[in-house]
Structures are given as C-alpha cells and as structure tokens.
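Biologist: I am new to this structure, and I would like to learn how to read its features with you. Please take me through them step by step.

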Amino acid sequence: MSTADSVVSAPAGLVDLASARIGGITLLANDEFFAEKENLLKTGRGIFIPDKYTDRGKWMDGWETRRRRTPGNDWCVVQLGLRGIIKHVDIDTNHFLGNHPPFGSLDALSISNGFPKDAAAMERVSWTPILAQSPLKPGSQNLFTIASDETWTHVRLNIFPDGGVARLRVYGVVMPDWSKTKPGELVDLAAVENGGVALACSDMFFGAMNNLSMPGRAENMGDGWETRRRRGPGNDWIILKLGRPGSIRKVEVDTNQFKGNYPDMCSIEGCAAPDALTDKLMRTDMRWSEILPKTKLEADTRHFFEQELSSIDNCTHIRLNIYPDGGVSRLRVWGLCA
C-alpha cells in the first residue's frame, strides 16, 4: 500500500466526527451510479485497482455519480457519528483524476429527531452553509477551515456538477450531552464519545494516538497507539484531554493485539489545568501528579486498576507513560464528573 493510501490522522485535539468507526452514516445521495456513498466514510484515503471493473464501469473506492446531462449538482447527506463543532473539512479526491468534481461545498444541520428518509422530504430541511462553493483539486486532499462555532449533527456534501470523491473527513470537537449523566455515575472521561481526545505524544510511527479513545476493542495492531522501537534513553508518552473534569476512580490499559511489541511497564499522571494549552502541557516544567505508579504490563491483556490509583480532584488531562516504547490499544479513564 502506498503512503497516499495510508490512514490519515485527525489534527491534534480534533476528531473525525463523520468517521464510520464512531457511528457516522451516509444517509442519502441523489446519485451513486459508479460508486457507493458509503465509501466516503471508510478509513484510509481509498485504493486504486487498475484492472477492476463492475457492470457499470470502472470500480472506484469512493462516491462517484454519473455524468450529469441536466442542470444542477449532486449531493450526499452524512449523519455525524458524534455531534460537535466542525473546525476543518477534507474533501479528498484521491485517485479521482479525470472524474473529480471541479467544485464542492458543505452545508450543516442540527436536529435531535430523525432525518427525512427520502430526497423529496429533504427539500424542506433548513440547511446552513458552512463552506461556500470552493475549487477542488484532482487526486488531492482538499482542506478547508470552518469558521462556525455552532454544534452540528448532519452535513451535506455538494459537488458541482458531478464526479467522484474518495473520502470526506469532518474534523471537530465532540460536544457530549451531559444532561444524561446520572449523579454519582462513573463515566469514561477519556472516551471519544464523551469528548476525550489525544493532544500530543512522543511518537506514533505505527499507530495514531487518537486510536486510544475509540469505541470498542482494537481489531488489529493498526487500531491502537504504537511507537517505533526506541534506540536511546527515555520513554514514550501520550497526553489526553478528558471530556470533562473529574475525579479518577478506575483505569483500564488495554494491550489487546500487542504481543511482541507491548510496553514493558506504564505509569499514569494527571493534572487540573482546564485552560492549559498543549505547548504548556508538553513542557518539562509542567507539574503532573501521579495517579498510577510505574506498573508491569502483560501482552494482549486488559489491565484494570482501582486500588492502586491516587485521586486528583477536577482532573482535566491524563499523561500515559510507557516504558520504554510499544503499543497500547485503548485507555479507559472512569471518573466522577466535577
């Protein structure tokens, strides 16, 4: 697989709100003659197989409409996996060279009830433009900054007039509904669905740092955070922002899938710094308090810690240290919300 086809990590501190792995769904498209809309939300940037064809034409790993012979444009509606504030968008036309759309735009919507199930009913939906019609380059990641600070649940990708898009990435900040949390309930404050997000790490050569807070258990080694083999002194680390300040009561460090490359040991630190920027959190003079002392780990194992933990009131950030290097698939940090 080429570098262009590899998994693309979300910008630090952001989550791909549309990703299928966190529940993103393509609901409707006015046309998907050559390639299905569901491809838009898959991992990676899409692949190209030169000699692969279907009974409708060339097989393409993306969403591709037929050649338009009438006025108008094509579109696809995506239900975000998690509601949030959209900061950046990537309309990726990888492998679409003579068939990419020359322009694209994005509309957004925030609703709490179900979305209309047919195109006719969708015409009554009140969309808000968040990205004006903009030029798209062929075979490229087309990155755009979104200025809106509103919370959205759905987006509509518009392409002008027709063509193919390999992937749609909607990077933003998850906005959980905390009204559903019961008093005294333990919540995984590091989980992506609760607003947990990785901010920085020492290395992620083999596995992206955002994997640590994803739902479920890792399907393979690539579905975790993994560093390269350390050849010098020191150890690797990752900093996560919790979705909400809290008092930590239980932690899980899961080395699922990591057998010959799991860390020998780990420790966990925390801090109460709600306004701290990532640069400050990474400084050597940043004060962290120990939550879990240096502890031995096992291969391919779920490690649970409760009695071993020291509590920090209003903890806002977690630093997982691994010794000396290796892979961790998931980190769960259950706490009482402040």
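Modeller: Let's start with one spot: Lys-250 stands opposite Trp-334 in E22. An E label marks a strand, a DSSP run of at least two residues, numbered from the N terminus. This is a predicted model, where local features need pLDDT of at least 70 and side-chain atom pairs pLDDT 80 or more, while totals for chains, interfaces and linings use all residues. Residues are numbered from 1 along each chain as its sequence is written, and side-chain values use heavy atoms, leaving out hydrogens and water.

Biologist: How many bridges join E16 to strand E22?

Modeller: First the general idea: two strands pair if DSSP finds at least two bridges between them. Here eight bridges join E16 to E22 (residues 330-337), and the two run antiparallel. E16 also pairs in the antiparallel sense with E20 (residues 315-323), over seven bridges, and there Gly-246 stands opposite Cys-315. With E19 (residues 302-305), E16 pairs antiparallel over four bridges, and Val-251 has Phe-305 as its bridge partner. Four bridges also join E16 (residues 236-254) to antiparallel E14 (residues 197-201), where Val-197 is partnered by Lys-241.

Biologist: Back to Lys-250: over the face of which residue does it lie?

Modeller: A charge sits over a ring if NZ of Lys or CZ of Arg is within 6 Å of the ring centre and within 35 degrees of the ring normal. Lys-250 lies over the face of Trp-334, at 5.0 Å from the ring centre. In another case, the charged end of Lys-58 sits over the ring of Phe-48, 4.7 Å from its centre.

Biologist: How many aromatic pairs does the structure hold?

Modeller: A pair of aromatic rings is described by the distance of the centres and the angle of the planes. Rings of Phe, Tyr and Trp (its six-membered ring) pair if their centres lie within 6.5 Å; planes under 30 degrees apart are stacked, over 60 edge-to-face, and the rest tilted. The structure holds three such pairs. One of them joins Phe-33 and Phe-34, edge-to-face at 5.0 Å centre to centre and 85 degrees between the planes. Phe-205 and Phe-206 have ring centres 4.9 Å apart and planes at 80 degrees, so this pair is edge-to-face too.

Biologist: Is Thr-43 buried or exposed?

Modeller: Buried means under 20% relative accessible area, exposed over 50%, and partly exposed in between (1.4 Å probe, protein chains only). Thr-43 counts as exposed because its relative accessibility is 54%. Thr-43 lies in the loop between E2 (25-29) and E3 (53-54). Contact means heavy atoms within 4.5 Å; leaving aside neighbours within four places in sequence, Thr-43 is in contact with Arg-167 and Arg-169.
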